[in-house]
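Here are my notes on the model, as numbered points. Have the viewer open while you read.

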Amino acid sequence: MGKDKIRKFKENETFSCLIQPRTDEVFGKDHPLKGHWGDKVFGNDRPIVVELGCGKGEYTIDLALRNPGCNYIGVDIKGARLWKGAKYAHEHQLPNVAFLRTRIEFIGSLFGPGEISEIWITFADPQIGREKKRLTSPLFLSRYRCFLKREGIVHLKTDSRYLHEYTHEIARQNGLEILACSTDIYGKAAAKVLAGSFFENGAVPAMADGLEDSGAYRHLLSSPLASVCGKDAVDALFQVQTFYESQYLAQGIPITYLAFRIDHDGEYICPDWEPDRWLPAGNQ
Ligand SMILES: C[S@@+](CC[C@H](N)C(=O)[O-])C[C@H]1O[C@@H](n2cnc3c(N)ncnc32)[C@H](O)[C@@H]1O
C-alpha cells in the first residue's frame, strides 16, 4: 500500500463522522447502529438520505450543505476516497453528514426498517454481465426495501445508458412508480460542467447557460418528482455534480436520471429486455 493511502487510512480513524464496521460486525448479523442512526449518530430524528457508492463524497456533502433539515450518509468501500469527504465534514463540523465504509452488500445489517427516506445511486458501475452485483438489480432492490420508508425514493444518476435502461425496465415491469426519467438531463445546454460546487465555493453555482429553456429541464419540472420534492430538488440535479459526472460531461457523454419508488409486494422480477441495444461500443 502506498504511503499516501496509509496516511489517509490512519487519519480516517480520527474522524468521528466516518463509521468503519469490521466485516464480523456486519456479516450475517445486525450492527449496533442499525435503527439508531438518528439517536446515536445525528442526535435528531430528521429524514436520512443515503448515497451509495459516494466515492469522495462531494455529492453527499453538497446536498447536506443545501438541506440542513436532513441527514446524509455517504457509503463506499474505498477508504482513500471517503477520506476526502470525511475530512471536510470533520473539519467543518457538519452536523448532518456521516460516511460509512462498507460493502453495499452488507447494508441490510446497518439500517433498520423505514430508517432511510431516500437513496441516491450516483455513477455506479453498470456491472455488465454481472446482474447480481448491479446496484439496481432485484437482489439489491429487495435489500433496499428492508430499510427504505414506504414511498421513499431511489434516484439513479448515471452516464451508463445500459444501467439506466435496465433499471427503467425493472421499474416498468414490476409496476414501480416512476417519478422522473430523462436520458439526457443537460441536453444541448452549453457550459454543462459547473465551475465548482457549493461544497467548494460556498455558493450555489449558476445554472448552465440555456438550461432553463431546455426541454429536459422543463420535462423534469413538470414531472411528479417536482410535485413531491419541489423545484429546488430539480434544480439541485443540475447544480450538484459528482466527480465522475463532471468528467463524463467534459467528454460530452449524456447524463441520465431516473427517480422511482420501490414499494412492491413479493419478489421483484428480473426484467425481460434487450441488453444488446444498450451495450456500449466494444461490449457487443
Ligand atoms: C464510478 S465511482 C462513482 C463515485 C461517485 N459517486 C462519483 O460519481 O464521483 C463508483 C464508486 O462506487 C463504489 N462501489 C462500487 N461497488 C460498491 C460496493 N459493492 N460497495 C461499496 N462501494 C462500492 C466504488 O468504490 C466507487 O467509489
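This is a predicted model: local features need pLDDT of at least 70, side-chain atom pairs count only at pLDDT 80 or more; totals for chains, interfaces and linings use all residues.

1. Let me start with Cys146. Leaving aside neighbours within four places in sequence, Cys146 is in contact with Gly108 and Pro113 (contact: C-beta atoms, placed from the backbone, within 7 Å). Cys146 and Gly108 are 38 residues apart in sequence, with their C-alpha atoms 7.0 Å apart in space. You'll find Cys146 in the loop between helix H6 (138–145) and strand S6 (148–158); helices (H or I, at least four residues) and strands (E, at least two) are DSSP runs, numbered from the N terminus.

2. Residues are numbered from 1 along each chain as its sequence is written.

3. Overall, the protein chain has 13 helices and eight strands. Its radius of gyration is 18 Å, close to the 19 Å that the globule rule gives for 284 residues, so the chain is as compact as a globular protein of that length. (That radius is taken over C-alpha atoms, and the rule is 2.2 Å times the number of residues to the power 0.38.) Along the principal axes, the C-alpha atoms fill a box of roughly 45 × 45 × 40 Å. Of the 284 residues, 41% count as buried. Among contacts between residues at least 6 apart in sequence, 77% join residues at least 24 apart.

4. Now the ligand. The shell around it holds 18 residues, the closest being Gly53, Gly55, Phe123, Thr242 and Tyr244 (a residue is near if its C-beta atom, placed from the backbone, lies within 6 Å). Helix H12 (residues 243–250) gives the largest share, three residues. By type, the shell has seven nonpolar, four polar and seven charged residues; Ala, Val, Leu, Ile, Met, Phe, Trp, Tyr, Cys and Pro count as nonpolar, Asp, Glu, Lys and Arg as charged, and the others, Gly among them, as polar.

5. Next, a helix pair. Helix H4 (residues 58–66) and helix H5 (residues 79–91) have axes that come within 9 Å and cross at roughly 30°. That makes H4 roughly parallel to H5, the label for angles under 35 degrees. Glu58, Thr60 and Ile61 of H4 meet Gly85, Tyr88 and Ala89 of H5, a set that divides into three nonpolar, two polar and one charged.

6. Two backbone angles to check. Gln127 isn't a glycine, yet its phi is positive, about 50°. Gln127 sits in the loop between strand S5 (116–122) and H6, and counts as partly exposed with 17 C-beta neighbours inside 10 Å. Glu151, in strand S6, is also a residue other than glycine with a positive phi, near 70°. Glu151 is exposed, with 11 other C-beta atoms within 10 Å.

7. Last, Gln20, in the loop between strand S1 (18–19) and helix H2 (23–26). What does Gln20 touch, leaving aside neighbours within four places in sequence? Asn12 and Arg101. Gln20 is partly exposed, with 16 C-beta neighbours inside 10 Å.

Terms used: A residue is buried if 20 or more other C-beta atoms lie within 10 Å of its own, exposed if 12 or fewer, and partly exposed in between; C-beta atoms are placed from the backbone. Two residues are in contact if their C-beta atoms, placed from the backbone, lie within 7 Å. Axes are lines fitted to C-alpha atoms, for helices over the stretch in contact, and angles run from 0 to 180 degrees between N-to-C directions. Angles under 35 degrees count as roughly parallel, over 145 as roughly antiparallel, 65 to 115 as roughly perpendicular and the rest as oblique.
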